[in-house]
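Below is a briefing on a single protein chain, written for use alongside its sequence and coordinates.

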Amino acid sequence: LLFDATCGYPGEGHEELMQACERGDVETVKQLLDNGADATLAAASGQFEGCTALMRASAVGRAAVVQALVAAGAPVDYVALTGHCTGWNALMLAGAAGHVETASALLNGGADPRYVAQSGRRASYTALMLASMRGWEDVVQLLTRAGADVTVMNAGGETASTLAAAHQAKEARRAADAAEAARLGQGASED
């Protein structure tokens, strides 16, 4: 899902919504949404430029806020078009930071575990790759169970497993290797 949500004035309550998401203040988030704050708008500047409230909550691991935003209709597969997170979605942010409960909430809300970034500083990366290279074994396992493709290669020809190995994330590498071996075993038996 790509759209430019950064055009124009961000709207009533937008900055308050972003701050409440970062704090993990679920009640304030719900109140602001009930009062018309738009969860689809992205920040026009700052550290989270290009990110929606859902992305901001995902980056800092606020699973309960993510659930509230998803219930309010926030787009789970929105991709940042500007800023530091260009090309990323909320699942990539949660995966990169190791927030397993947040990643689970996003997946339960319909986030695509197979999304591959098409632009930005980590173009051709997936949430699985980011979690693997940072050693977040529990996130790696969650994403592979959800259907993340362990065979995807980034522009450098690296998979989640090779990225984990390169970054010495042994537990994440074992999880990625096991998922890849299971997938390859299934593929061989289907032929």
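**Core and overall fold**

The largest nonpolar core holds 63 residues, and Leu-17, Leu-54, Leu-69, Leu-106 and Leu-143 have the most contacts inside it. A nonpolar core is a set of buried Ala, Val, Leu, Ile, Met, Phe, Trp, Tyr and Cys residues joined through side-chain atoms within 4.5 Å. Buried stands for under 20% relative accessible area, exposed for over 50%, and partly exposed for what lies in between (1.4 Å probe, protein chains only).

The model is predicted: local features need pLDDT of at least 70 and side-chain atom pairs count only at pLDDT 80 or more, while totals for chains, interfaces and linings use all residues. Residues are numbered from 1 along each chain as its sequence is written, and side-chain values use heavy atoms, with hydrogens and water left out.

- Leaving aside neighbours within four places in sequence, Leu-106 is in contact with Leu-54, Ser-58, Val-66, Val-76, Ala-90, Leu-91, Ala-94 and Ala-111; contact means heavy atoms within 4.5 Å.
- The protein chain has ten helices and zero strands; helices (H or I, at least four residues) and strands (E, at least two) are DSSP runs, numbered from the N terminus.
- Of the 191 residues of the protein chain, 49% count as buried.
- Among contacts between residues at least 6 apart in sequence, 65% join residues at least 24 apart.
- The accessible surface of the protein chain is about 8,900 Å², with 47% belonging to carbon and sulfur atoms; the areas come from the Shrake-Rupley method with a 1.4 Å probe, and for residues only the protein chains shown count as cover.

**Helices α1 and α2**

- In α1 (14-23), the buried residues are His-14, Leu-17, Met-18, Ala-20 and Cys-21. They cover an arc of only 165 degrees around the axis, so they sit on the same side of α1; the arc is that of the directions from the helix axis to the C-beta atoms.
- The cover over the buried residues of α1 includes α2, α3 (53-59) and α4.
- Just after α1, Gly-24 has a positive phi of about 85 degrees.
- In α2 (residues 26-34), Val-26, Val-29, Leu-32 and Leu-33 are buried. Their arc around the axis is only 130 degrees, which puts them on the same side of α2.
- Glu-27 and Asp-34, on the other side of α2, are exposed.
- The buried residues of α2 have cover that includes α1 (14-23) and α4 (63-71).
- Just after α2, Gly-36 takes a positive phi of about 105 degrees.

**A buried serine**

- Ser-132 is in helix α7 (residues 127-133) and is buried, at a relative accessible area of 0%.
- Its side chain reaches the backbone oxygen of Leu-128 at 2.8 Å.

**Salt bridges**

- The whole structure contains three salt bridges, each a side-chain nitrogen of Lys or Arg within 4 Å of a carboxyl oxygen of Asp or Glu.
- Arg-56 pairs with Glu-22, the closest N and O atoms being 2.6 Å apart. This pair links distant parts of the chain, with Arg-56 in helix α3 and Glu-22 in helix α1, 34 residues apart.
- Arg-56 is buried at 12% relative accessibility, whereas Glu-22 is partly exposed at 28%.
- Asp-25 and Arg-23 form a salt bridge at 3.4 Å, N to O. Asp-25 is partly exposed at 27%, and Arg-23 is partly exposed at 48%.
- Arg-114 and Asp-149 form a salt bridge at 3.5 Å, N to O. Arg-114 lies in the loop between α6 (100-108) and α7 and Asp-149 in the loop between α8 (137-145) and α9 (160-166), so the pair ties together parts 35 residues apart in sequence.

Notes. Polar contact = N/O pair within 3.5 Å; in protein donor to acceptor, adjacent residues only side chain to side chain.
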